[in-house]
Amino acid sequence: MHVAFDGGSSRDSTAKAGFIIADSRGCKVVRRGLVLDRGRTNNEAESTACLEALRELARLQDRGRECLDAPIRVLGDSQLIIRMLLGVYKKVRKPSLYINVEGIKGLVRSRRWKVAFCAVPRQMNAQADDMCRQAEATG
């Protein structure tokens, strides 16, 4: 399984998040864009996108739609979020960001998933970014 996530915010608009879940053949299982609350930072939007993607993956697993014995690759263009999830950065100072990062780690632990978190260049994360843009356009 592959999960790609992205998030974004600006001072004059709401934050947004997007993600893609694809099976091992690259077929898209879920594509979703979310409009988030005003005032969220870019890092909060990124971590929310990752958390919501993994929650959706858990729902798919609970419905028996996806076999998750194989490792899950989680791709994001936020080096900060990926490094926090990998444990490279030990401290998360902002409480809302801490809640998201710990929520992601807790979900992975509780599901006993084998997850590889990978930072990718922004241009390789275009599909997740598109979901953010679509959420903004429809939100």
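Analyst: What follows describes the sheet, then the helix, then the charged pairs.

This is a predicted model, in which local features need pLDDT of at least 70 and side-chain atom pairs count only at pLDDT 80 or more, whereas totals for chains, interfaces and linings use all residues. Residues are numbered from 1 along each chain as its sequence is written, and side-chain values use heavy atoms, with hydrogens and water left out.

The sheet is open and has five strands in the order 3-2-1-4-5, with mixed pairing. Its edges are strand 3 (28-35) and strand 5 (115-119), each of which pairs on one side only. On average, and with direction ignored, neighbouring strands of this sheet are turned by 15° against each other. Strands and helices here are DSSP runs numbered from the N terminus (E, at least two residues, for strands; H or I, at least four, for helices), and two strands are taken to pair if DSSP finds at least two bridges between them. Axes are lines fitted to C-alpha atoms, for helices over the stretch in contact, and angles run from 0 to 180 degrees between N-to-C directions.

Strand 1 (residues 2-10) pairs with strand 2 (residues 13-22) in the antiparallel sense over eight bridges, and the two form a hairpin with two residues between them. Within this pairing, His 2 has Ala 22 of strand 2 as its bridge partner. Strand 1 also runs parallel to strand 4 (residues 72-76), to which four bridges join it. Here Ala 4 stands opposite Leu 75, while the bridge partner of Val 3 in strand 4 is Val 74.

Helix 1 packs on this sheet, touching strand 1, strand 2, strand 3, strand 4 and strand 5, and its direction makes about 145° with that of strand 1; contact means heavy atoms within 4.5 Å. The helix comprises 21 residues (residues 42-62), which at 1.5 Å a residue should span 30 Å, and its end C-alpha atoms are 30 Å apart, so the two values agree. The expected span is 1.5 Å times one less than the number of residues. Just after helix 1, Gly 64 takes a positive phi of about 75°.

The charged pairs come next. The structure holds eight salt bridges, each being a side-chain nitrogen of Lys or Arg within 4 Å of a carboxyl oxygen of Asp or Glu. Because Glu 52 and Arg 55 are three residues apart in helix 1, they are separated by about one helical turn. An α-helix has 3.6 residues a turn, so residues three or four places apart point the same way. Arg 55 is partly exposed, with a relative accessible area of 38%; buried means under 20% relative accessible area, exposed over 50%, and partly exposed in between (1.4 Å probe, protein chains only).

A further salt bridge joins Glu 44 to Lys 94, with the closest N and O atoms 3.8 Å apart. This pair links distant parts of the chain, 50 residues apart, since Glu 44 is in helix 1 and Lys 94 in the loop between helix 2 (79-86) and helix 3 (95-111). Glu 44 is buried, with a relative accessible area of 6%, whereas Lys 94 is partly exposed at 36%. Finally, Arg 32, Glu 56, Arg 59 and Arg 63 are linked in a network of salt bridges.
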